[in-house]
Amino acid sequence: LDEVHRAFGRAKRKTREEVWAAYVAVAETHLLPFEKRVHRTKRPVRSDGSIFVSIAAYRDHMLANTLTELFTHASKPELVIAGVVQQNCVVKCKTGVQVVSKPGEPVRTKVSDAPADADGVADFCASAVGQPHCRAGRVRVLRVNETESLGPAFARYLASKLWLGEQFYVQIDAHMWARDAWDDELRSEMLATPSYPRSVMSAYPPGPSNGWQSMAPSGKLCSGTFSTSPVEAHIFRLGGGGGGRNIAAPAPEPPRSIFVGAGFFTAHSSFLQVAPFDPFLPFVFMGEEIMLTTRFYTNGFDVYSPRVNFFAHQYRPGRLGLPKFWESQDRAFGSGGSNTRFMLMIVDRVKHMVGYESPVKNPDVLKHVSDHDGPNYGLGSHRTLTEFL
């Protein structure tokens with residue numbers, strides 16, 4: 001990360017192609033050899049009911065609360081491991097873009113100075129609730145300065161490297177609440193899927209309204225649209241619940257679904273051996289979910305929807321002015337829109353993989369998708385993309 005940060009500093013006034021080349025050069029030196037060693041060894045997956053929870057936190061003031069929720073509401077907290085990538089600002093911090101105009105006025109925004117971010121992991125580990133779990137090694141953390149953060153897709157790649165053989169893999173955001181005995185419910189739901197262990201379960205969690213634990217899940221992820229926003233590269237975006245009734249499985253099985261959301265999914269951890277997270281997606285946010293979906297499907301994993309809400313999620317409208325990772329990148333490269341400029345090129349790696357026919361702007365973004373002596377970051381060979389479509 002330090003070398004990438006310095007390489008980007010040297011490429012500050014360069015083209016996006018040169019920025020990408022700078023990233024690849026560092027990744028080829030450090031990440032690829034590491035990835036190939038991991039690919040060859042293939043750490044075995046345990047069968048002890050353990051759960052690894054991946055949390056990529058970007059300057060998130062709710063991280064300590066999320067960790068507290070995970071452990072206090074777990075039936076067997078001794079089997080829960082949180083793997084946190086904490087991306088914080090320590091000095092010279094800024095807020096996100098704050099809307100300061102009143103309703104009905106022309107939109108006015110500002111960015112203000114801000115104090116250093118709270119260390120959510122340290123706060124949790126210092127609390128009476130957190131101390132025993134941290135001392136027992138149940139919280140693994142990689143601390144990253146916000147100036148070196150490279151977006152959610154890369155942060156989730158880093159979080160996956162904190163996994164050490166736990167049976168179930170869970171990915172959530174850093175601003176969540178957990179239901180009582182969520183871990184028992186999750187194990188039960190996963191084991192009830194007919195295709196287990198080739199199962200992945202996903203949903204968009206509800207907001208934290210009163211009674212969310214007893215609410216019916218919002219619906220299966222069975223719909224979506226192609227974005228029309230010029231800064232989202234016409235990527236396929238998932239819709240909320242709805243649709244798909246014709247593929248619902250009868251009780252007592254969890255119902256089949258189609259898409260995998262990034263804000264919550266769980267799977268048997270064996271998926272890491274065949275569909276590991278891709279380290280060549282810096283700056284990327286849009287496209288993460290359709291990429292997850294197609295990689296799981298083509299590697300033979302069936303998608304299900306949970307019959308209960310394991311978690312609730314704080315949905316954050318932009319007017320709150322919370323920091324965003326692309327703002328850090330824009331400041332680092334000295335110009336607004338820098339992250340978008342890079343993303344619109346690199347997202348072609350995702351679009352090419354999932355079948356878009358639009359031309360790839362820079363063929364170099366397709367490097368190392370599937371090296372013969374390394375992991376496969378592309379689609380699997382168990383089922384085809386055409387079958388999915």
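**Reading the model step by step**

Modeller: Helices (H or I, at least four residues) and strands (E, at least two) are DSSP runs, numbered from the N terminus. This is a predicted model, where local features need pLDDT of at least 70 and side-chain atom pairs count only at pLDDT 80 or more, while totals for chains, interfaces and linings use all residues. Residues are numbered from 1 along each chain as its sequence is written, and side-chain values use heavy atoms, with hydrogens and water left out.

Colleague: Is Met345 buried or exposed?

Modeller: Buried means under 20% relative accessible area, exposed over 50%, and partly exposed in between (1.4 Å probe, protein chains only). Met345 has 1% relative accessibility, so it counts as buried.

Colleague: Which residues does Met345 touch, not counting residues up to four places away in sequence?

Modeller: Contact means heavy atoms within 4.5 Å. By that rule Met345 touches Arg16, Glu17, Trp20, Lys361, Asn362 and Val365. Thr294, in helix H9 (residues 288-298), can be read likewise. Thr294 counts as buried at 1% relative accessibility, and beyond its neighbours within four places in sequence it is in contact with Val354, Leu379, Leu385 and Phe388.

Colleague: How do I read a pair of aromatic rings?

Modeller: A pair of aromatic rings is described by the distance of the centres and the angle of the planes. Rings of Phe, Tyr and Trp (its six-membered ring) pair if their centres lie within 6.5 Å; planes under 30 degrees apart count as stacked, over 60 as edge-to-face and the rest as tilted. Searching the whole structure gives 31 aromatic pairs. In one of them, the ring centres of Phe259 and Phe388 are 6.1 Å apart and the planes are at 75°, so the pair is edge-to-face. Phe259 lies in the loop between strand S12 (236-238) and strand S13 (264-268), and Phe388 in helix H13 (residues 385-388), so the pair ties together parts that are 129 residues apart in sequence. Both Phe259 and Phe388 are buried.

Colleague: What about a charge and a ring?

Modeller: A charge sits over a ring if NZ of Lys or CZ of Arg is within 6 Å of the ring centre and within 35 degrees of the ring normal. Here Arg383 lies over the face of Tyr297, 4.1 Å from the ring centre. The charged end of Arg256 sits over the ring of Tyr304, at 5.8 Å from its centre.

Colleague: Why do the buried residues of H1 line one face of the helix?

Modeller: Val4, Ala7 and Phe8 are buried in helix H1 (residues 2-10). Down the axis of H1, its buried residues fall within an arc of 100° (taken from the directions from the helix axis to the C-beta atoms), so they line one face. Helix H2 (16-41) and helix H10 (325-333) are among the parts that cover them.

Colleague: And how do I read a strand?

Modeller: Two strands pair if DSSP finds at least two bridges between them. Strand S1 (residues 51-58) has 8 of its 8 residues buried, so it is largely enclosed by the rest of the structure. S1 pairs with strand S2 (residues 80-88) in the parallel sense over 8 bridges, and Ile51 has Val80 as its bridge partner in S2. S1 also runs parallel to strand S8 (residues 168-172), joined by 5 bridges; there the bridge partner of Ile51 is Phe168.
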